[in-house]
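Thank you all for coming; I would like to take a few minutes on one structure, going through a strand and its partners, then a helix, and then a pocket. Please have a look at the model before I go on.

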Amino acid sequence: MLTILPAAPGRTGRTPSKRRARRVLAMGALGMAMALAATACSSSGGSSSGNRTTVTWFVGLGTGADPGQPAQEQKVVDAFNASQNEITLKLNVVTPSAAGNTLATQLAGNNAPDIVGPVGIGGAQAFDGQWLDLAPLVKSEKFDTSIYSKAQMDAVKDRTGAQTALPFGVYPSFIYYNKDLFDEAKLPYPPQKFGAKYEGRTWDMNALRDLAKKLTVDVNGNDATSPKFDPSKVVQWGFDPQYQEATPQNNGTFFGAGSYVAKDNKTAQIPKPWLAEWKWYYDMIWKDHSAPNNQQLQSDTLNKGNAFATGKVAMAFTHTWYLSNLKDSSGKPQTFWNIAANPSWNGQITDKMSSDTFRITKASKHPKEAFKALTYLLTTGIPDLVKTYNAMPANQKLQADYIKSLDAAWPQGVDWQVALDALKYPDIPSAEGWMPNFNKSVTLAGKFGNKMLTTPGLNIDAEAAKLRTQLQALFNSAS
């Protein structure tokens, strides 16, 4: 049973044609719902139908609404419905531009869906407090969570420590590097073991920055370590935090996990690792010129932001979801690259982890039945769903098959063990985690990130202090 709800008239949203674009945050909080109650969408809450209980599966806060995906989801739903005679699972797909407001309306109208997912940690934050703690159901239904690592289970707990989600898809981050550019510069490739050394020195952020300068080249062939280097005529860059550039919390997590809100859930703060990373990255843009600024990123030279795929960036820090962008104009996979371990900062390694999860709403009228359907999606249904969403399964038993599928797509001999090892270092708390006035706070941070990308001569300490003050004002105004 499938319902696809269109975007609300007059509302727009980003089309999720790429993984980075589809990681949209829910653009409505519960406060919006009261104003929208009169426009509640089709029935979503669980109900009884004959001898079966109807359980609804809400899709749209994350991936799942792209062309072709609803049909694949419906196949999984049909298989579940045919596998037993107690529950009817109903698929309700909402376009991303409408998903936040639609879910808020349903929650406010006593019409809540049962299952929501896949949804990222960030996408769930506008509905903080609305998710059921699954731990009691995990215990009573004897669901085997040993298929997940402890780190992955902990990574999807909410700010109170409740297990409000179960892992589904994970997207670890690491260093993509251009083998051709390293070979041309006669430089060894970066290490593929976390904690390993690079040319006898610690593989840390200082080593990466030095290496990036050697791999940054101007039109005359001078690298950024040369006195003859012309920063106004760069044709090759050493580093880019691919599709993270204007998101300071994502960049900051490269150095260490943190949150804009302190443990008291009301005081704004700038985590020390984030501030250190902002200074480091800002200097790479405007002092070293080894990372592209916004104007360069948005140029045709760097393909309007898809910089690493152009072959003109030596190293990029980003996630497995970026793989879908490593194809040429004909759709053929590009094979000039491999992957390497994240460097350390102050002796600590942190992996910024994107995660897709499935959740049950607190307002579900049939949580036990919803959990049975949910666990089907996470076990029997997951092989088909991870293909549909291009996700690495959090289920450790399925990861070997996932790696085989990557080797088939990119046959150059990528060391995928790097991606698997990265799962051991998730950022806890998540860079996408909760803070008061969540959507407005994220938007504010994005403005700060854009300013770093577009404006030379900033005092980052002073700008960070301004950001903290502005965040505090938003936190104070949170209802």
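This is a predicted model: local features need pLDDT of at least 70, side-chain atom pairs count only at pLDDT 80 or more; totals for chains, interfaces and linings use all residues.

Let me begin with strand β6, residues 166-171, where six of the six residues are buried, so the strand is largely enclosed by the rest of the structure. β6 pairs with strand β14, residues 354-360, in the antiparallel sense and over five bridges, and within that pairing the bridge partner of P167 is T357. β6 also runs antiparallel to strand β15, residues 392-393, to which two bridges join it, and there G169 has P393 as its bridge partner.

Turning to helix α9, residues 205-214, the buried positions are M205, A207, L208, R209, L211 and A212, and I would point out that a charged residue, R209, is in that list. The N-terminal end of α9 is capped by D204, which places a side-chain oxygen 3.2 Å from the backbone nitrogen of N206.

Finally, what lines the second largest pocket? Its volume is about 790 Å³, and its lining comprises 36 residues, with K157, D158, R159, T160 and P429 lying nearest the centre. Helices α5 (121-124) and α7 (150-155) each contribute at least two residues to that lining, which divides by class into 16 nonpolar, 11 polar and nine charged residues.

Definitions and conventions: Residues are numbered from 1 along each chain as its sequence is written. Side-chain values use heavy atoms; hydrogens and water are left out. On a 1 Å grid over the protein atoms alone, a cavity is a set of points where a 1.4 Å probe fits but cannot get out, and a pocket is an open set with protein on both sides within 12 Å along at least five of seven lines; lining residues have an atom within 4 Å of a point. Grid points are joined across faces, edges and corners, and a volume is the space filled by probe spheres set on the points. Helices (H or I, at least four residues) and strands (E, at least two) are DSSP runs, numbered from the N terminus. Buried means under 20% relative accessible area, exposed over 50%, partly exposed in between (1.4 Å probe, protein chains only). A polar contact is a pair of N or O atoms within 3.5 Å; within protein, one must be able to donate a hydrogen and the other to accept it, and residues adjacent in sequence count only if both atoms are side-chain atoms. Two strands pair if DSSP finds at least two bridges between them.
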